[in-house]
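Work through the exercises below with the sequence and the model open. Try each task before reading its solution.

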Amino acid sequence: MEGEEQPPQEADLEPVLTSGASGSVPRVLSGEPQNLSDVDAFNLLLEMKLKRRREQPNLPRTVTQLVAEDGSRVYVVGTAHFSDDSKRDVVKTIREVQPDVVVVELCQYRVSMLKMDERTLLREAREVSLEKLQQAVRQNGLMSGLMQMLLLKVSAHITEQLGMAPGGEFREAFKEASKVPFCKFHLGDRPIPVTFKRAIAALSFWQKVKLAWGLCFLSDPISKDDVERCKQKDLLEQMMAEMIGEFPDLHRTIVAERDVYLTHALRQAARRFELPRASEAEPRKCVPSVVVGVVGMGHVPGIEKNWSTELNIQEIMTVPPPSISGRVSRLALKAAFFGLLGYGLYWMGRRTVSLVLSLPATQYCLQRASEARPSQ
């Protein structure tokens, strides 16, 4: 029976209004009581936001505009995860369109990168420790955990080469969203345990070995110019695509299926919302929403392709049961690991005993013990 992974709850962040926003509120005459209802205050802030929002925004060339059936607009910013230009593109887009929702290519399991500073993230990305490996294995299982650590090694390699922590565009989106009145912040990517488990299930044992080998020996130097040249396709995803090009099933689970999930998340965010009413008698009024999506450049073509098609999210959230060959390979891997560990301990034990017995002090003690033994 197929196991099904449920996605973590989508995270919404109620924005923080900046002090600069209060300066745009219409001035109240001196002596007049400032007794605004919640609806009036909402309308004032909404009017402020709409005035800032530009009908013909001046957007970076990395932005793709999509329109939902109800007229809601979605601006998808295609980014390179290790790029200063991408950070500026995200900031400019959010300031120009003043969105109601910002959706980023993160899941609940990677949200911590929004809360860490650049220095901490840089240190974390470089340190791939045994503790992190154990945590990944506990969270995702043995094979998926190992694959996650190998992918972290790829990210750490880029980090080491560039001296730049990944996800800077997501942190900029988080900060800018907090400055826009009534802007929500959504995590739009599929949970990473589901992605890794589906990716591992799609590979045969030898394909897993071959992929792991390629990831382990990744050492090509990367420059900042290489990153900027990859603005048409995210660097990390391009490197992965080159390594997994011969594994179409792996490309499907890591890229194509996440394109579908990201499209679904953007559609969910792009819904008309109801304006507040002064009283129950007042008719309801709904307006189209404005959404900014921040995703890797490699996902933009897939999102465009899936935008007007029917999506089956349930299918890509289901983790297939392990195959017989998968179970056998895992047992073989565990048996080999414990076998090598046991042999290593046995060899070290023998070596240690031999060294101890060869010591002069040990020889002297054995000789004295032999002499002290009563003769038969």
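This is a predicted model, in which local features need pLDDT of at least 70, side-chain atom pairs count only at pLDDT 80 or more, and totals for chains, interfaces and linings use all residues. Residues are numbered from 1 along each chain as its sequence is written, and side-chain values use heavy atoms, with hydrogens and water left out.

**Exercise 1. Confidence**

Find the average pLDDT of the protein and a stretch where pLDDT stays under 50.

Solution. Begin with the term: pLDDT is the predictor's confidence in each residue, from 0 to 100. The average for the protein is 75, and 64% of the residues score at least 70. Next, look at residues 1–10, where pLDDT stays under 50. For this stretch the model has 24 contacts (heavy atoms within 4.5 Å) beyond four places in sequence. Residues 12–33 also have a pLDDT below 50, with 30 contacts beyond near neighbours in sequence.

**Exercise 2. Positive phi**

Locate Q98 and F182, and decide whether each is buried, partly exposed or exposed.

Solution. Take the elements as DSSP runs numbered from the N terminus: helices are H or I with at least four residues, strands are E with at least two. Q98 lies in the loop between α3 (84–97) and β4 (101–104). Its phi is positive, about 45°, although Q98 is not a glycine. F182 lies in the loop between α7 (168–177) and β5 (184–187), and has a positive phi near 65°.

Now apply the cut-offs: buried is under 20% relative accessible area, exposed is over 50%, and partly exposed is in between (1.4 Å probe, protein chains only). At 6%, Q98 is buried. At 29%, F182 is partly exposed.

**Exercise 3. An aromatic pair**

Classify the pair formed by the rings of F174 and F185.

Solution. Rings of Phe, Tyr and Trp (its six-membered ring) pair if their centres lie within 6.5 Å; planes under 30 degrees apart are stacked, over 60 edge-to-face, and the rest tilted. The structure holds one such pair. The centres of F174 and F185 are 5.2 Å apart and the planes stand at 90°, so the pair is edge-to-face. It links helix α7, which holds F174, to strand β5, which holds F185, 11 residues apart. F174 is partly exposed at 26%, whereas F185 is buried at 3%.

**Exercise 4. The largest core**

Which residues of the largest nonpolar core touch the most other members?

Solution. A nonpolar core is a set of buried Ala, Val, Leu, Ile, Met, Phe, Trp, Tyr and Cys residues joined through side-chain atoms within 4.5 Å. Among the 22 residues of the largest core, V102, V104, A173, F185 and V292 touch the most other members. The elements giving two or more residues to this core are β3 (73–79), α3, β4, α7, β5 and β8 (290–296).
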